[in-house]
Amino acid sequence: MEIELDNKELTNPWATYSLVSEIVCSWEQRQNVTAITEPRFRINVSRESYRNKSDALACLKKSTAGAIGRVVMAFDEKDVTVTEFLRYAVNGYSFCNLYLNDARKQYPQGKLGKPQSPVHTRGSNKGALKLSMKCNQYFKGAQVIFIDVDETSAPTIFDYINALTWRPTCTYPSYSDGVEKDGKVSRRFHMVYVFDSIMNRENFLRISKRLTRQIEIDTHESMADKCGERESQYMNGCYMMTDTMNTGMIYSVNMFPWTPDETLYYSIKKDAEEDSIPFNSFMLADMEKQDYATFTHSYSKRYGYIYRTEKPDWLEYQGIRFQMTDEDYLALWHYPTKVTDGDHRRNKMALRCCLRRLMKPGITPDELIYQLYIDRERYFDNSDRVLDVETMKRKVENAMRLTPDELLEACSGFIEYWKDHRPQFILHPDTLEPEIARRVIARELNYQWLDDAYDTDLSLQENLPNLYVSRATVYRYWKDRNGCSKKEHNLRIFKENYDPNLTNKENIERLKNRGLSISERTMKRYKNSIYNNK
């Protein structure tokens, strides 16, 4: 049966904070947050509500639903505000993502795949989306990402939320909140992230996984159930449990920019019957029996560490060695935290092997497995010892067997990424104080560009529209290049070339021929600044 929505006020500990409060998000994040009063978003809401989880589970099948006097669960696609959504949630309604629901078309459903209407055509569920359409095959999109917190050491929901980098739009309790489960009592609740537009499958999967990973990093707790990462997952509400939160946050896909390693899990496999790839057996034996420090000390001078494209020749400026990048530039992805089990560790290792073959076409299998050994220590969690020497050997062997075209296909995402995001230059690996060195080189390259772009026959004001830099930048450029400011430079030319025996018109022409173009008014000001004390 359908229950009338309770209009009781919902609790919100952040009610006294504005949407741009530091407690909600950082300054950088706020730039992409859409602050709209009660925006609407699209979601599927169950036709009926459920007082407990067992009723909801029973209604997932027609037979068990009939046993308790109910009908099978069905959904209506609705545009709701966050407040309306929370009222549905605390009144026991269930939710799911968006699926194909054109009543004029028929879609294969059931075990036999017989084409049927996506909506119920009779009974109390008439016009509602059938439960059989809630599957990956018919996924249309999602404007919401659910995160199910099933176990936490945080004493309150507020404490949990306040630790997060990305705080949810709203939260509401689970049916099992505060109830003993598997011998533990914990706050159990749903976090809901609302977006300003409907996400396609790729963005939904990518962002939901990134949110889950970041939450685990922020809370130092693993997520027991990552059901929110599945397109076909549905979420129950609760019943008359109004311990909710509404931060008012609306997110955008642009706040979660794509990174190459998120979607490029290229499956690199070759025929096992091909000729085996030769390795230095002594090095592999050392790799297995020696500790990391001892092994790398023994082999580092022989192989070095490859993580980006470098040419043999380096430029030098003020003792700083650097080189300009070109369209062939590639670099490995840096992971700020170690890649753990379940996050495609082996696929990422395989991809790093392929990238290094593109960076250094003549790389040997021994050199490549040495690189992977260092990667394992720096970037991958191997506490379960799954990433052993044999595993790394297989990744190297598969990468070494790929043709040049197959390598380009495997790394296509990285290639496109670095075409758009490559740095203007790179510093030599041995550079001391790289941040200072990077600023010095960047400034010099900008100055070299200004050397060519600045027209000395024009005034500073006349040059500015063609330089696309600020007035302050041009002043700094003049001072660094000429040892004085533009004003001091102009005064020096004036003092050296002004002739008090000539008329103003004659002096203006004389100064212009010597590189200083000024008006009579400016010339009068210069004369006063020089001669007013005489």
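This is a predicted model: local features need pLDDT of at least 70, side-chain atom pairs count only at pLDDT 80 or more; totals for chains, interfaces and linings use all residues.
The protein chain has a mean pLDDT of 85, and 88% of its residues reach 70 or more. Two stretches call for some care. Over residues 6-36 the pLDDT stays under 50, and the model has 57 contacts beyond four places in sequence for them. Residues 263-273 also have a pLDDT below 50, with 25 contacts in the model beyond near neighbours in sequence.

Now turn to the sheet. Three strands form an open sheet in the order E12-E13-E14, and their pairing is antiparallel. The edges are taken by strand E12 (315-317) and strand E14 (425-427); each has a single partner strand, so one side of each is left without a neighbour in the sheet. On average, and ignoring direction, neighbouring strands here are turned by 40 degrees against each other. Helix H15 (residues 434-453) packs on this sheet, where it touches E12, E13 and E14, and its direction makes about 145 degrees with that of E14.

Looking at the pairing in detail, strand E13 (residues 320-324) is joined to E14 by three bridges, and the two run antiparallel. Gln323 stands opposite Ile426 in E14.

Thr309 lies in the loop between helix H9 (292-303) and E12. Is Thr309 buried or exposed? With a relative accessible area of 17%, Thr309 is buried, as the cut-off for that term is under 20%.

Notes
Residues are numbered from 1 along each chain as its sequence is written. Side-chain values use heavy atoms; hydrogens and water are left out. pLDDT is the predictor's confidence in each residue, from 0 to 100. Contact means heavy atoms within 4.5 Å. Two strands pair if DSSP finds at least two bridges between them. Helices (H or I, at least four residues) and strands (E, at least two) are DSSP runs, numbered from the N terminus. Axes are lines fitted to C-alpha atoms, for helices over the stretch in contact, and angles run from 0 to 180 degrees between N-to-C directions. Buried means under 20% relative accessible area, exposed over 50%, partly exposed in between (1.4 Å probe, protein chains only).
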